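Let us go through this structure by question and answer. Please have the sequence and the coordinates open.

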Amino acid sequence: MAQKKSAGGVPGRGPRADLLRDLGAVARRYMASYALFNQALADHLGLHPTDLQCLNLLGLEPGPVTTGRIAELTGLTTGSATRLVDRLEKSGYVTRRRDTEDRRRVLVEVVPERMAELGAVWGRLNGAWWDMFDAYEDDEIALIATHMRRTIALSTVQCEHLRGGLI
């Protein structure tokens, strides 16, 4: 039986309400710990945290992208994305080149050697993450992955709402 929810969408009383309040607190700590980890890693690499996440996203793209695509991936304006690419180019992580099919377009591509250096840092850190996941059964890992996919989708919508002034 569904519990009656309070105005904020969280049930008012009972074990589920307590569980959801705990989840809310843990989620806030999780997000803060990730942001702080991202900052520490960016500092270690001499990058801005947004630049680090841009490199992460560029590593998932199938090939070179435009600055406009970087703006889409990061949620930045095209002007801010251009400044981000300027910083990444200056630090040697990306290069710009004219598109051979459309000379008006400029493509941004990662520098494989620099990405390999970034990958080596991740490699040194990943062991602890994989050790943590060893404690989970396969169905639990699948649940975590499902949760992460849903979080990505919801976060994308929430970002659009915030940027569009809908909240």
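Arg13 is exposed, with a relative accessible area of 75%. Buried means under 20% relative accessible area, exposed over 50%, and partly exposed in between (1.4 Å probe, protein chains only). This is a predicted model, in which local features need pLDDT of at least 70, side-chain atom pairs count only at pLDDT 80 or more, and totals for chains, interfaces and linings use all residues. Residues are numbered from 1 along each chain as its sequence is written, and side-chain values use heavy atoms, with hydrogens and water left out.

Reader: Where is Arg13 placed?
Author: Helices (H or I, at least four residues) and strands (E, at least two) are DSSP runs, numbered from the N terminus. By that naming, Arg13 lies in the segment before H1.

Reader: How many Å separate Arg13 and Ala145, C-alpha to C-alpha?
Author: In sequence, Arg13 and Ala145 are 132 residues apart. In space, their C-alpha atoms are apart by 29 Å.

Reader: Which residues is Leu55 in contact with, leaving aside neighbours within four places in sequence?
Author: Contact means heavy atoms within 4.5 Å. On that basis, the partners of Leu55 are Leu47, Leu88, Tyr93, Val94, Met115 and Leu118.

Reader: Why is H2 called roughly perpendicular to H4?
Author: Axes are lines fitted to C-alpha atoms, for helices over the stretch in contact, and angles run from 0 to 180 degrees between N-to-C directions. Angles under 35 degrees count as roughly parallel, over 145 as roughly antiparallel, 65 to 115 as roughly perpendicular and the rest as oblique. H2 and H4 have axes 10 Å apart and pack at an angle of about 85°. That makes H2, relative to H4, roughly perpendicular.

Reader: How do the residues of the contact of H2 with H4 divide?
Author: H2 brings Thr50, Asp51, Cys54 and Leu55, and H4 brings Leu84, Arg87 and Leu88. Ala, Val, Leu, Ile, Met, Phe, Trp, Tyr, Cys and Pro count as nonpolar, Asp, Glu, Lys and Arg as charged, and the others, Gly among them, as polar. The division is 4 nonpolar, 1 polar and 2 charged.

Reader: At what angle do H1 and H2 pack?
Author: Their axes are 8 Å apart. H1 is roughly perpendicular to H2. The angle is about 90°.

Reader: Which residues of H2 meet H1?
Author: From H1 come Tyr34, Asn38, Gln39, Leu41, Ala42 and Leu45. By class, this contact has 6 nonpolar, 3 polar and no charged residues. On the H2 side are Pro49, Leu52 and Gln53.

Reader: Which side chain does the side chain of Gln39 make a polar contact with?
Author: Gln39 is partly exposed, at a relative accessible area of 32%. A polar contact is a pair of N or O atoms within 3.5 Å; within protein, one must be able to donate a hydrogen and the other to accept it, and residues adjacent in sequence count only if both atoms are side-chain atoms. At 2.7 Å, the partner is Asp43.

Reader: Is Thr74 buried or exposed?
Author: Thr74 belongs to H3. Its relative accessible area is 19%, so Thr74 is buried.
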